[in-house]
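Work through the exercises below with the sequence and the 3D structure at hand. Try each task before reading its solution.

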Amino acid sequence: MTGPIAQEIERKLVDAFAPTRLVVSNNSASHSGHMGDDGTGESHFSVEIESAAFAGVSRLQRQRLVNQALGDLPGTRVHALAIRARAPGE
């Protein structure tokens, strides 16, 4: 079962990009007791997203688009977020 922050990440990315593939992974258990671990079990995530919205867009701009879509989550309620964004066929 995924927690509320993971669900919010997924919902925001689906709304923003209509992805053909989306995997939101909670990596918080691997960082238990480390800096940024707030004890909620939802502080560290990775996202794999594939969307036509990323076609012809640089890697840096893709990262910026994903962070923009997530609003205040990165840096406030999420300590760390690894993003792998691709266009279909990449």
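**Exercise 1.** How many aromatic pairs does a search of the whole structure find? Describe the geometry and the place in the chain.

*Solution.* The model is predicted, so local features need pLDDT of at least 70 and side-chain atom pairs count only at pLDDT 80 or more, while totals for chains, interfaces and linings use all residues. Residues are numbered from 1 along each chain as its sequence is written, and side-chain values use heavy atoms, with hydrogens and water left out.

Step 1. The search finds one aromatic pair. Rings of Phe, Tyr and Trp (its six-membered ring) pair if their centres lie within 6.5 Å; planes under 30 degrees apart count as stacked, over 60 as edge-to-face and the rest as tilted.

Step 2. The ring centres of phenylalanine 17 and phenylalanine 54 are 5.0 Å apart and the planes stand at 40°, so the pair is tilted.

Step 3. Phenylalanine 17 belongs to helix H1 (residues 4-17), and phenylalanine 54 to the loop between strand E2 (44-50) and helix H2 (59-70). Helices (H or I, at least four residues) and strands (E, at least two) are DSSP runs, numbered from the N terminus.

Step 4. Phenylalanine 17 and phenylalanine 54 are both buried (under 20% relative accessible area; exposed is over 50%, partly exposed in between, with a 1.4 Å probe and protein chains only).

**Exercise 2.** Which residues of H2 are buried, and what do they pack against?

*Solution.* Step 1. Arg62, Val66 and Leu70 are the buried residues of H2.

Step 1. They cover an arc of only 70° around the axis, which puts them on the same side of H2. The arc is that of the directions from the helix axis to the C-beta atoms.

Step 2. On the other side of H2, Leu60 and Gln68 are exposed.

Step 3. The buried residues of H2 pack against H1, E2 and strand E3 (80-86), where contact means heavy atoms within 4.5 Å.

Step 4. Just after H2, glycine 71 has a positive phi of about 60°.

**Exercise 3.** How many bridges join E2 to E3, and which residue is the bridge partner of glutamate 50?

*Solution.* Step 1. E2 and E3 run parallel and are joined by seven bridges; two strands pair if DSSP finds at least two bridges between them.

Step 1. Glutamate 50 has arginine 86, in E3, as its bridge partner.

Step 2. From E2 the chain crosses through H2 to E3, a right-handed β-α-β crossover. Right-handed means that, with the strands pointing away from the viewer, the path from the first strand over the helix to the second runs clockwise.
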